[in-house]
Amino acid sequence: MRFKCTMGLRNTLIVMALLLSVSTIPFSGAASLKSHAFFNETGELPCHFPNTQNLSLDELVIFWQDQNKLVLYELFKGQEKPNNVHPKYIGRTSFDQDSWTLRLHNVQIKDTGSYQCFIHHKRSQGLISIHQMSSDLIVLANFSQPEISLIANQTEKPNIINLTCSSMQGYPEPQGMYVNLTTKNSTITYDAVMKKYQNNITELYNVSISVSFPIPPETNVSIICVLQLEPRKIILSLPCNIDAKSPVPSPPVPDHILWIAAVLVTVVIVCGMVFLTLKKRKKQQPGPSNECEIIKVEGKESEQTEKRVELQEPDRSDEVQCDVNISKTASGNKSATDF
């Protein structure tokens, strides 16, 4: 009998301890919920109170606190208690009674962290914790679409292209950044060390890379900058298209040079026509020089005729011949003297 009584007393104590633990240890969810919010927007901190006893707010004390035990919001028997709220959260919260959710407005990167809600039942004997829940707030900021900026080539290699790609005002820190060069037949990836700058106040990131690579001058290419946020999440820039280089045309001739060339050609043509016309006229109408030549020719022919006549004259006596020779000599001397 003593053994049975001892066992019965021990079982009673265990049951009483379990009941006491249930009434004193707050109820909490199986796991902390994760909630996402965007920079400068509104985040939600759920509490998910089942309220199986259909308790009114006048019977409850509800409050939220962050991971540093700072109070965000308190509702004491249906009345808000702003005096118990930390200054950094004043005016930034609103309580949704239907969903038992606290909304945190104007979310900043610094608001990222773990939060807890507590619900107590106000009784005559004091406050009894009846619900507790944790939630993790993750604050994000969308990076701007990456922008490609071409840099003037200062090297002697004309087929080398230099560019920078940048994106701003994002959070958390991205995993990487690279450039894809796409042609008709292939795609080549060029990466570089990503430069990061984090604002001390907003904690947002600005990132950029600088890349240099050759491009085939005879092929159309398309360049796209890729910002890698997560393993399966990327942001693409607008494509930068570069057309194949056409043959370099010769520089245009200035207008005044064309006019001068046209005038010179006209002058040459006119002079040539005048020269040909004059030459043709000379052939058709012989000038004074031709007449003199004809006269000289006729004179020579007359002299030759006279000589032929002299040779054909019959022989005379020596005396007559002497007279003739003398007269010729005399006349010859006279003509020579007269000249």
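This report describes the protein as a whole, one of its sheets, a residue in that sheet, and a group of aromatic rings.

The model is predicted: local features need pLDDT of at least 70, side-chain atom pairs count only at pLDDT 80 or more, and totals for chains, interfaces and linings use all residues. Residues are numbered from 1 along each chain as its sequence is written, and side-chain values use heavy atoms, with hydrogens and water left out.

**Overview**

The protein has 4 helices and 18 strands. Helices (H or I, at least four residues) and strands (E, at least two) are DSSP runs, numbered from the N terminus. Of the 339 residues, 26% are buried. Buried means under 20% relative accessible area, exposed over 50%, and partly exposed in between (1.4 Å probe, protein chains only). Among contacts (heavy atoms within 4.5 Å) with a separation of 6 or more, 59% join residues 24 or more positions apart.

An open sheet of 4 strands runs in the order 10-11-15-14, with antiparallel pairing. Two strands pair if DSSP finds at least two bridges between them. Strand 10 (147–151) and strand 14 (195–198) are the edges; each has a single partner strand, so one side of each has no neighbour in the sheet. From one strand to the next, the twist averages 20°. Axes here are lines fitted to C-alpha atoms, for helices over the stretch in contact, and angles run from 0 to 180 degrees between N-to-C directions.

Strand 11 (residues 160–170) and strand 15 (residues 205–214) run antiparallel and are joined by 9 bridges. Ser 167 stands opposite Val 207 in strand 15.

Strand 15 also holds Ile 209. Ile 209 has 1% relative accessibility, so it counts as buried. Its C-alpha atom is 6.5 Å from that of Val 193, 16 residues away along the chain. Beyond its neighbours within four places in sequence, Ile 209 contacts residues including Leu 163, Met 177 and Val 193.

**Aromatic rings**

Rings of Phe, Tyr and Trp (its six-membered ring) pair if their centres lie within 6.5 Å; planes under 30 degrees apart count as stacked, over 60 as edge-to-face and the rest as tilted. There are 8 aromatic pairs by this rule. In one of them, Phe 49 and Trp 100 have ring centres 4.9 Å apart and planes at 80°, so the pair is edge-to-face. Phe 49 lies in the loop between strands 2 and 3 and Trp 100 in the loop between strands 6 and 7, so the pair ties together parts 51 residues apart in sequence.

| Residue | Relative accessible area |
|---|---|
| Phe 49 | 10%, buried |
| Trp 100 | 12%, buried |
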